[in-house]
Amino acid sequence: MLSANKKLDKLLTLYLPLALMLSFTMFPIYWTINTALKPEGDIIKRPLQYVPANPTVENFVYAWTNIGFATFFKNSLIVGFFTVIIVLICSTLSGYALSRYQFKGKRSFMLMLLCTQFIPRAMMIIPLFIIFKNLGLISHPLSLIITYTAVEIPFTTILMAGFISNVPKELEEAAMIDGCSKMQSLRHVVFPLLLPGIVATGVFTFIYTWNEFLLALMLTNQQSKFTLPVGLSSMMGEFNVNYGALAAGSVIALIPAVILFAYAQKHLVNGMGGAVKG
Amino acid sequence: MFMNKRKWSNSILALSMASGLLLAGCSGGDETSSTPKESGGNSDEPVKITFWDENASPERTPLWEEVIKQFEEANPSIDVEYVGIPNKSAKSKYDAAIAANDTPDVGSVQTTWLPEFAIRDALLPLDDYFEGSELKDKINSSAIDFNKKIAQDSKLYGIPYAQNLDTIWIRTDWFEEAGVKEPETFDEFFTAIEKMTDKENGRYGYTIRGGAGGSFQLQRLMFAYSGLDYFDEDGKVNINDPKHVEFVEKYLSYYEKFTPKSDITNGYKEMIAGFDTGVVAMVHHNVGSYGEHKKSLEEGTFKTIPLPKTEDGKFVAEGGNAVNVAVFKNTENPDAAWKFVEFVNSVESQSLWNESTGQIPTNADVLDDEWVQNAQHIKVAFEVYENPDTKLYEPPFYLPDYRSILDNIVDPGIQQVMSGEKTAKEFLDEWAKAIEDSKTKYDETFNK
């Protein structure tokens, strides 16, 4: 009796809400995949086809080869990869400083970091454009890497400072008593414990660069340097939308994010929870 | 420990070197538009010009690429670089480029943007080039005159390569089935909406564009109904004229009664999808959506008709409903840029472009093409544009905030009237005041 009740409880409080939530989040993804697999004529045909009657990969081929998704994908990867590397190095070091050291103006420095997050991105476009134009970096991946890094660092620094504070200071001291230098104790003691935080921050940064549209469009004047969101957006003309290719493009854009999350999932949960087992 | 330390620093070094190399690799063969261009005085010297398309899409981009390919074959010394910009962000992209003085050589520019770009000193006047060109007698003169008229200094800043006209797309098969007459007047239009609505079968007579871009639709219908000019003789705006109040009251009262509930957030895509999936019998758009309808509806089940006539039987159309090619002032190769402009407006290019996009050519020679004779929607557009009684009204595109008034006051205003938060009169008064204020400021600035 008791176990039956328990099962019911579990069903009502765990499986049912989870199933509901899952269906809400999965439906748009299912629909995108469904649309991507349909030939053009079937997409807005009534009655709706919940499973493609004539599944085809032509939309994927079209998006990848004709529209240049292969190039957009590569550009996005380059920008994302380097931004993540730079952001991680900078924010781990500055986060460490913020978390471990006491110095004058620390609070106002933190406040300043927060304040940078209040500036609307759209306000920065023209100044950024002029700066990068003078540097000759318009349409160069570096312009995006620099901008994204600058935009992300304040937030990720604060995030990292939080993660580092969770690593007991005593562990580092113990390592140093055993003969480690500061760098060594960082590398052998702090970093392994910090891994979940680093993964979380990296994933967070990558997703931002992967999805960012406005700056990517504004700072790029060459078709061959567009990133994925800009490429996706140019699939929607004023008078015509190629839903099939758009859906296929979205699925392509989704893949790295899904792989990344699948790999980082365990770390991510640990990282976000901020729970580091010492 | 020492070894470890060395390994550690070595790996950092290696990583930074690899990043540097990779980044350097990315920049290989890079030629940004900021790079100073070769001067194009000599026509044999190879030059490169950039062209921005303000409405990139999977259908249009390949067309531009084809036009560019043909141009490059005809002019081997000129290399055209295509940049397709998503339509929604095109204006802000141009804005940023103009502000930073990093404009393309040639751009596709909507008529409504021409006056503003000209005031900002971004465009090259094309009068001399045009006068000396074969195009002079070929391009629709009313469209050229219109472009001159809206510029503050009455110069020609863009050559229209495609025109458009608002029309109503109807399901002919449904109309026949129900025995309803295709509407020619506004009374017939409203009656048709009522008769074609069959809610039980999920069919509606019409769909209202309540979301983004609804302002254009409403403005064009209002003036088609009243036949008024945008401003009266004393320079007062006619937006809140009693005729317009009467029309908006009736038109928006049809929401939910005879049109789908979702209309309140309808943008272009939703509205057209409603028509193409067999939910609504009529939709007000323009001849440009022909390609979309053709994809989902069978030939012979749909066609386009002009907007209903005014009470005294006249067609009304909004002037300046065209896209232009414009040359930007910063270009270092104005002659090469003009050559491209000329090529885009040649019979071959305009024919290819307009046939595929379903728009109306401006080059008179294209009209003899067979496809024009066989395209019902293009013929309807000609019927309207060539009718000597057709009235063209001129919205004040030259007001710098004309577009933002439509987007920020009129679009939300339509939704408020639809949801009953505002009366039609209040909404039109607000709209009229915004236009008047903006015009006063403009007149003061330019001492008109």
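Visitor: How do the residues lining the second largest cavity divide into nonpolar, polar and charged?

Guide: There are 7 nonpolar, 1 polar and 3 charged. Here Ala, Val, Leu, Ile, Met, Phe, Trp, Tyr, Cys and Pro count as nonpolar, Asp, Glu, Lys and Arg as charged, and the others, Gly among them, as polar. Keep in mind that this is a predicted model: local features need pLDDT of at least 70, side-chain atom pairs count only at pLDDT 80 or more, and totals for chains, interfaces and linings use all residues. Residues are numbered from 1 along each chain as its sequence is written, chains are lettered from A and ligands numbered from 1 in the order in which they are written, and side-chain values use heavy atoms, with hydrogens and water left out.

Visitor: What counts as a cavity?

Guide: Rolling a probe the size of a water molecule over the atoms shows where empty space is left. On a 1 Å grid over the protein atoms alone, a cavity is a set of points where a 1.4 Å probe fits but cannot get out, and lining residues have an atom within 4 Å of a point. Points are joined across faces, edges and corners, and the volume is the space filled by probe spheres set on them. The whole structure has 5 cavities of 30 Å³ or more.

Visitor: Which residues are closest to the centre of the largest cavity?

Guide: Of its 15 lining residues, those are A:Ile44, A:Val241, A:Tyr243, B:Glu292 and B:Lys295. That cavity holds about 160 Å³, and H11(B) gives the most to its lining, with 5 residues.

Visitor: And which element gives the most to the lining of the second largest cavity?

Guide: E8(B), with 3 residues. This cavity holds about 70 Å³, and its lining includes B:Arg220, B:Glu318 and B:Tyr385.

Visitor: In what order do the strands of the open sheet run?

Guide: First the terms: helices (H or I, at least four residues) and strands (E, at least two) are DSSP runs, numbered from the N terminus, and two strands pair if DSSP finds at least two bridges between them. In chain B, 5 strands follow the order E2-E1-E3-E9-E4, with mixed pairing. E2 (78-84) and E4 (159-163) of chain B each have a single partner strand, so one side of each lacks a neighbour in the sheet.

Visitor: How many bridges join E3 to E9 in chain B?

Guide: 5, and the two strands run antiparallel. One pair to look up is B:Gln110 with its bridge partner B:Val323 in E9(B).

Terms used:
1 Å grid on protein atoms, 1.4 Å probe; cavity = no way out; pocket = protein on both sides within 12 Å on 5 of 7 lines; lining within 4 Å.
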